[in-house]
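Please examine the structure shown below. The paragraphs that follow turn to a pocket, a helix beside it and pairs of aromatic rings.

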Amino acid sequence: MEKQTQALPPKQNSLFTETWRRFRKNKTALVGMVIVMFIVLLAIFADQLYDYETMAIKPNYDATLQPPSSEHYLGTDEFGRDVLARLIHGSRISLIVAVISITVGTFIGSLFGAIAGYFGGIVDSIIMRIMDVFLAVPNMLLAITVVAALGTSSVNLILAIAIAGMPRFARIARASVLSVKSYEFIEAAKANGASSWRIIFEEVIPNSLAPIIVQYSIALAGAILTISSMSFIGLGVQAPTPEWGAMLSNGRQYFKNSGYLIVFPGLAIAITALAINLLGDGLRDALDPKLKQ
């Protein structure tokens with residue numbers, strides 16, 4: 001007697017696998033991811049590529065304003081420091097400040113947004129009106145105000161960018177929480193006696209991460225531009241620490257005869273911001289529920 005075989009249901013892909021499958025179809029997003037990974041690797045291994053003290057910080061007046069050559073691939077600046085070494089070490093500064101500031105802004109903004117969306121009522125009104133006040137001020141102007149009030153330092157720059165980016169994450173988190181808090185698993189958690197804070201941290205926020213992750217990646221590009229802009233006007237990372245915006249500012253007076261001092265830092269800023277934006281757009285498309293069909 002032949003045994004009847006029962007057809008097995010198709011295997012369901014994990015969220016990560018499905019997201020990666022859709023993400024890798026976006027060629028421009030893959031290009032952005034490769035560029036971002038390359039810049040991150042340069043930042044991680046900056047000390048192995050160029051010594052920080054001797055190549056990026058210490059002046060060498062015997063080699064000032066040398067054009068790109070086999071000895072100095074991107075030339076030297078007005079103090080004889082290797083431009084490529086300063087760009088590579090500057091990538092570490094820009095990425096660290098950007099990641100820390102956006103992470104802080106994401107955590108605080110998402111927490112306030114989740115609280116506002118979950119509790120609603122007067123709590124929602126108070127929190128979101130405060131966020132509206134911050135949103136009414138342009139990010140750059142708000143960052144300048146914070147740094148001007150607290151002083152120029154990397155810590156204050158991180159705080160300024162975090163405060164400037166916080167309201168957008170609060171709005172995104174609030175909208176996401178409003179869409180998920182009526183789901184059955186939230187009602188089940190309430191029925192089991194879970195506290196509001198436990199529901200927010202263990203149920204609501206984890207199920208609202210997709211749009212927050214997308215906004216996080218896009219905000220990184222904005223943070224890179226803000227850091228460079230603040231350093232360009234003298235309110236960001238201070239000399240002699242290598243930073244792209246500061247390098248761009250210092251190279252202005254040598255533009256006529258040593259244009260590479262502006263071109264290379266400008267390209268570093270533009271390529272990094274563009275690559276992160278491409279990566280963020282790819283994540284948005286991959287995580288968009290409307291594109292799952």
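What volume does the second largest pocket have? In this predicted model, the volume of that pocket is about 300 Å³. Its lining comprises 15 residues, and those closest to the centre are Phe-38, Ile-39, Leu-42, Leu-87 and Ala-268. Two or more lining residues come from each of H2, helix H5 (83–119) and helix H13 (260–287), with H13 giving the most, 5 residues. By residue class, the lining holds 13 nonpolar and 2 polar residues, and no charged ones.

Helix H2, one of these contributors, covers residues 27–44. Its 18 residues reach 26 Å from the first C-alpha to the last, close to the 26 Å expected at 1.5 Å a residue. The buried residues of H2 are Ala-29, Leu-30, Gly-32, Val-36, Ile-39 and Ala-43; of these, Ile-39 is also among the residues closest to the pocket centre.

Across the whole structure, 3 aromatic pairs are found. One of them joins Trp-20 and Phe-23 in a stacked arrangement, at 5.9 Å centre to centre and 25° between the planes. Both residues belong to helix H1 (residues 15–23), where they stand 3 residues apart, about one turn of the helix. Phe-23 counts as buried because its relative accessibility is 4%, under the 20% limit, whereas Trp-20 is partly exposed at 34%.

Another pair, Tyr-61 with Phe-79, is edge-to-face, at 6.4 Å centre to centre and 70° between the planes. Tyr-61 and Phe-79 are 18 residues apart, in the loop between helix H4 (52–57) and H5. Tyr-61 is exposed, with a relative accessible area of 58%, and Phe-79 is partly exposed at 32%.

Notes
Residues are numbered from 1 along each chain as its sequence is written. This is a predicted model: local features need pLDDT of at least 70, side-chain atom pairs count only at pLDDT 80 or more; totals for chains, interfaces and linings use all residues. Side-chain values use heavy atoms; hydrogens and water are left out. Helices (H or I, at least four residues) and strands (E, at least two) are DSSP runs, numbered from the N terminus. The expected span of a helix is 1.5 Å times one less than its number of residues. Buried means under 20% relative accessible area, exposed over 50%, partly exposed in between (1.4 Å probe, protein chains only). On a 1 Å grid over the protein atoms alone, a cavity is a set of points where a 1.4 Å probe fits but cannot get out, and a pocket is an open set with protein on both sides within 12 Å along at least five of seven lines; lining residues have an atom within 4 Å of a point. Grid points are joined across faces, edges and corners, and a volume is the space filled by probe spheres set on the points. Ala, Val, Leu, Ile, Met, Phe, Trp, Tyr, Cys and Pro count as nonpolar, Asp, Glu, Lys and Arg as charged, and the others, Gly among them, as polar. Rings of Phe, Tyr and Trp (its six-membered ring) pair if their centres lie within 6.5 Å; planes under 30 degrees apart count as stacked, over 60 as edge-to-face and the rest as tilted.
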